[in-house]
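Please examine the model shown below. This report then treats its strand pairing and its aromatic contacts.

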Amino acid sequence: MASSQGGNKPGAVSLVRSCTVMLLAVLLPLTGCKQSESTPPTEVEVESAPAAQTRITEHIIADAVLAPLAQAAIAPRITAPVSRFYIQRGSKVKAGELLATLENRDLQAAVTDSQGSYDAAQASYQTTTKAVVPEDYQKAELDLAQAKANLELNQKIVESRKQLFAQGALPGRDLDTAEAALVQAQAAFDSAQKHLAGMREVSREAALKNAKGQLESAEGKYSGAQAQLAYSEVKSPIAGVVTERPLFAGETAAAGTPLITIMDTSALLAKLHLSQSQAQLLHLGNPASVTVPGVAEPEDGRITLISPALDPGSTTVEVWVRIGNSDGMLRPGTAVKVSLAGRTVDRAVVVPAQAIVTTQSGKKAVMVIGKDQVAHRTPVETGIEDGGLVQIVSGVTAGAQIVTNGSYALDDGAKVKVVQPSEKDADEKPAAGESK
C-alpha cells in the first residue's frame, strides 16, 4: 500500500503542472490585449473653408404680380347700340384715338334743334342790347332834358312877373298863372328824373339780364346736346394695347359697363407687399431683380413706389418695381419673384450658411478648426444673409478655418480630418458593380 501511494505522487504533480501551464497559456494573451488598448482617437472627415472678408448686401425676396403701367376700362356714358368698332383685341392705339362709334342719329338731331334755339337767343340778345334798351334809355334822357328846359323857362317867367307885379305893371292873376305853370314844370322834371334813374338802376339792368339769361340757357342746352353726341364716340384716354373687347358691332353697349380695356404694357409694375421692417430698408430708385417664369435671365428693375401708409387689411407696405417691356414679351397678371437690395456692409466677415449650427439653447455657433485639427464650437452673432453667405458680426474673425460640411452632430473637441468635397463624394460613392 505504501509503495503504491508513493508511486502515485509524481503523477499528481505532473498533472498540476500541466494545468498551470495551460492556464498561463490562456491568461497571457488576455494580458497582452489590455496593454495594447491605447489606440489613437477616430478622425471625422469634414469640409472646411476660411472665414472671408467681403462686401455683402442683404436681399429681400418676395412674391409679386405684374401689373400694367396704366390701364383704362372704357365705359360709355350713354346706352346705345355699337355702330362700328375701329380696333380689335391686340391692336395698339394712341391717346385720343377713336375706338368705336355708337348709334347717334337721335343725338345729332338734338344738336341741330339746340343749335337753332341758341342762334335765336343770340340774335335776341343782340337786339336787346343794341336796339331796344338804348332807344328807351335815350328817350328817357331826352324827356328829362325837355322837362329841365321847361322848368328853367317857367322859373324865369315867374321871376319876371314878380318884378312887374311889384312895379304895378302886371295884374296879380298873371303872376298866379305863372307860378302854377312853374309848379307843373317842376313836377314834370321830377318825374322825368325819377324815370331815368329807374331805367339806370332797374329797367336796363333787368332787360339785359333777361336777354343774357335766355342766351346762356340756350347755349347750355346746345353744349349739352353736343356733349351727348360726343359720348357716342369712344376714344382712348391712354396709349397702349387693347386687351378686352367683349361686344360686337350691333350689340347694345350699356352705360357704365366697360366696352373696351386698354393697357399700357410698355413697362410693367411688379407689385409686392412687405413687412414694415423690410420696407424701412428700401429707398426709391434702389435696384431690383425680377424672376419671371419661362424667362432665362432675371429682369432688371427699379423701385418706383414705397407706399407711405400700411395696408389696413394686411398691415403691410405696398412696393412697386418697374421693369421694361418694350418687346412686349412680359404679360400683366404673371406671378413673379422679386429680389430687392437692402442693407450693404463693405468689409463683412462671412461664412457659408451651412456652417451655422444652432445649439440646444437656440443660439448660433460655428465649428472652428484649430491648429491641432480639433473642432471647437464657437458662439457667434450673425447679421446679413445673402446668396448662401452669412455675416458674422462677432465671435469669429476673418481667416478662421470653419467647418462647412459635416458640422451637424459634431461634438465639441472632436478630432477632424479636412477633405476636399470631391474626395468625400468619391468615398461615399459605391464602387463599380456594388450597391450602396
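The sections below cover the basis of the model, the paired strands and the ring contacts.

## Basis of the model

This is a predicted model, in which local features need pLDDT of at least 70, side-chain atom pairs count only at pLDDT 80 or more, and totals for chains, interfaces and linings use all residues. Residues are numbered from 1 along each chain as its sequence is written, and side-chain values use heavy atoms, with hydrogens and water left out.

## Strand pairing

Helices (H or I, at least four residues) and strands (E, at least two) are DSSP runs numbered from the N terminus; two strands pair if DSSP finds at least two bridges between them.

Strand E2 (residues 52–74) runs antiparallel to strand E13 (residues 335–352), joined by twelve bridges; threonine 54 has alanine 348 in E13 as its bridge partner. E2 is also joined to strand E9 (residues 260–274) by nine bridges, again antiparallel, and valine 65 stands opposite lysine 271 in E9.

Strand E11 (residues 299–306) is antiparallel to strand E10 (residues 287–291), with four bridges, including serine 289 to aspartate 300. Five bridges join E11 to the antiparallel strand E12 (residues 317–324), where tryptophan 320 is the partner of leucine 305.

## Aromatic contacts

Tyrosine 118 and tyrosine 222 are stacked (planes under 30 degrees apart), at 5.7 Å centre to centre and 10° between the planes. The pair links helix H2 (residues 105–167) to helix H3 (residues 172–231), its members being 104 residues apart. Both tyrosine 118 and tyrosine 222 are buried (under 20% relative accessible area, 1.4 Å probe, protein chains only).

Notes. Rings of Phe, Tyr and Trp (its six-membered ring) pair if their centres lie within 6.5 Å; planes under 30 degrees apart count as stacked, over 60 as edge-to-face and the rest as tilted. Buried means under 20% relative accessible area, exposed over 50%, partly exposed in between (1.4 Å probe, protein chains only).
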